[in-house]
Amino acid sequence: MLEDLRVIDLSNRAAGSYASKLLSSLGAYVINVEKPYIGDRSRSIGPFILKSMYKESSLLYKYLNIGKKSITLDITTTTGRKIFQDLLSVVDIVIDDSNSELLENTIWLSNPSIILSSITDFGKNGPYVDFKGNDLINQGLSGLLQTMGLPSKEPLKVGGNSGEYAVGISMFSGILISLFFRDSSVLGNNMVETSGLQTLALAQIHNSINSQFRGSDNVRRDSPLLKAKNGWVTMGLATGSRDDTWHNFCQILEMPELINDSRFSSMELRRKNESELNQILEEWVLNQDKEEIYHKLQNISTIAGYVAEPEDLLHSGQLLEREFFNNIDGMLYPGIPFLIDNVRPSLDKAPLLGENNIEIYCDLLGYKISDLSLLHQSGVV
Amino acid sequence: MNNLLNGLRILDLTQVAAGPYTTMLMGYFGADVIKIESSSRMDINRGPVKPSPATHTVYPNNNPGNQPWNLAAHHIQRNVNKLCITLDLSQAEGKKQIYELIKISDVFIENFRASVVDRLELDYESVRKINPSIIYAKISSQGNSGKEKNYGSLGSTLEQTGGLASVTGYLGNKPLLTNETFPDPMVGLFSVGIILSAIRRRQMFGKGCFIDLSQRELTVNLIGEHILESQSDVQLPKLLGNSHKIFAPQGVYKCLGEDDWITISISTDKEWTILCNIMNKQNLIKKIEYKTAFDRHKHSKEIDVIINEWTASKTKYKLMRILQEAHIAAGVVSKGREVVNDPQLNFLQFWDNVNHPHAGKYKQVTTPWNFSNLERNMTIPAHNLGEDNQNIFQNFLGLDNNKYQYLLDNNIIGGSPS
């Protein structure tokens, strides 16, 4: 869908890398511009394949940069900057997370039709412009953090790098909006900005609603997870179920006396009396396999869930049946989460540092191989 | 107001959160969103017809009024920028009318359990017969194939089945859910980009397409590196609380004030020295056990005690000011009523001041973007159930008064919620 587009990714955080990965999954030609010798920051962040860390063993890098090209270029040198300008003349989109004004000017002087896509923690201007943030700080300021975690403890962040991926998703969709504008307008110097603060404030969907309309702030609460034989489940009986679900559930449970129990006769009541209900179910759940509970209960129209560990996902019948994973060098990578006309986009493995220098500098920009080796000797490439 | 997506017509059969977010966001750029409900099956966001005292639906000032379905706060917040019509799709005449709408629309978006559209004859094949260039976005829990295709979920289910819960929790504790149904807004935000890509291709080549987005698969994408790690030689604990893999200390600390907290993250040894100076604990700077991030990770429990002692007597806003002035990453943990007044979010024009005709004044979530040459529209407050029936069926589809009355009388359009 985006086969006509070339993208330069200058970013160093997961957000930018995930945004350009999504563009790549839709056909864009994405060039990851990395620092000579060092590479993207994610190359030195784990998890790693082996205990010894080196720049080609970061699984975070591999996951984020699947389907892209890698070149090395030191844009802080004069020569490097000149080469960068050549590169700018043949691309449509630049993704950046450095918030550098100098870069802005260079980009549009070289090619005013470029869409500059900027990722920051708090935006490019405003009262927090000099603030330092990161995923945790942004989750706090956005209103997301306050209501997560246990009431007896400190607020808890959403795990892993998921806050960063959120910003990547936001950047991806923002770029598409900006692209629409560029395609339909004569105006140049198009910039689209997103920030961790805004993206995560969009992701808190209950906290600001409840406090404004109900007049009281949300509070942290424990999760309704029950312990099964081999992990955790939720029963999904308090929302989204059908009229006959409860009846069928009591049959599965072999507890017909619960069918007419007035504490649990409607979804609202089951939600209200959830902890009482969970106490009754505890023993039954504890002796069952988590995935079996999930299937049994989903089949009577509940929205039951089981906490899938990464290794469970690798064995999930549903994900395997949909050929969700890409097998690359013997490892299963989570695939692109959509199919277009029943075809899932598939992507090549992540590039080694500078793997595509010849393809891009020589084939695309017309440098001679001898030029490239000179640049290599001087450390620009 | 004139905007980028003017003239783009979206038939929106989604409900709850993910889909409504997508169409809300596209509405901010001028797309014409026609939200289709029926009086017997309203968007779940509208809550129950007759709320009991046990209801968890939120109403302005806790007062559901005479038409609770038009006041439910989650409906008010997510169904902005849309026209609301009611149509009973299980009746032949209802089907005929939605087919008429499909003919004149560009995008069809739904998030039912997968088989529902087959039953309603609104699956991609049926829809494409009526409008070959339509873009059909199916945003289902598990995707349009596989044995779990008809399984249902909310965001809190996806956190489990997509693995997000397996990495969310306090250090060494059990998995936890976010209580903010985190995958939902992610899917909503993601779908905007995919749908726009498809529209762009259609503009170039005239081809519509079928988008099969699995919410579970998108959730798995959020923990991709953990999936790879589970196959590698080295596996570290997945539940890390608020700590950072490299930086230390990093955490959430108690401040003066009820349930008031601050986040602090120290990313270099130099910042550690600065923090020790600010805390007036110079003795810690020299302490060899706390020298590097690696050391501080090892001693994070005792360091957290020291930081908590210092933060406990100060307000979170004061702490944020002091620490940020010293170039240390720190921020208040905002409560719901605080985040709508956040000066930076307001500077970025993230919140719109909306005066809803029934629900009153509130601050509306808008979009996470700022553009150099483009502005989003102002929020159009959420419409009542079926508010736009006459406009759509008579002005758009050209039904005469008799026919319109016939559809009303037979409960094909309109009718009271039941």
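A: A:Val192 has B:Phe371, in strand 12 of chain B, as its bridge partner. The model is predicted: local features need pLDDT of at least 70, side-chain atom pairs count only at pLDDT 80 or more, and totals for chains, interfaces and linings use all residues. Residues are numbered from 1 along each chain as its sequence is written, while chains are lettered from A and ligands numbered from 1 in the order in which they are written.

Strand 6 (residues 190-195) of chain A pairs with strand 12 (residues 369-371) of chain B in the antiparallel sense, over three bridges. Strands are DSSP runs (E, at least two residues), as are helices (H or I, at least four), numbered from the N terminus; two strands pair if DSSP finds at least two bridges between them.

The open sheet has seven strands in the order 3(A)-2(A)-1(A)-4(A)-5(A)-6(A)-12(B), with mixed pairing. Strand 3 of chain A and strand 12 of chain B are its edge strands, each pairing on one side only. On average, neighbouring strands are turned by 20° against each other, direction ignored.

Within chain A, strand 1 (residues 6-9) and strand 2 (residues 29-34) pair in the parallel sense over four bridges. There A:Ile8 stands opposite A:Ile31 of strand 2. Helix 1 (residues 14-25) of chain A packs on the sheet, and its direction makes about 165° with that of strand 1 of chain A. Such angles run from 0 to 180 degrees between N-to-C directions, with axes fitted to C-alpha atoms, for helices over the stretch in contact; contact means C-beta atoms, placed from the backbone, within 7 Å.

Technical notes: Contact = placed C-beta atoms within 7 Å.
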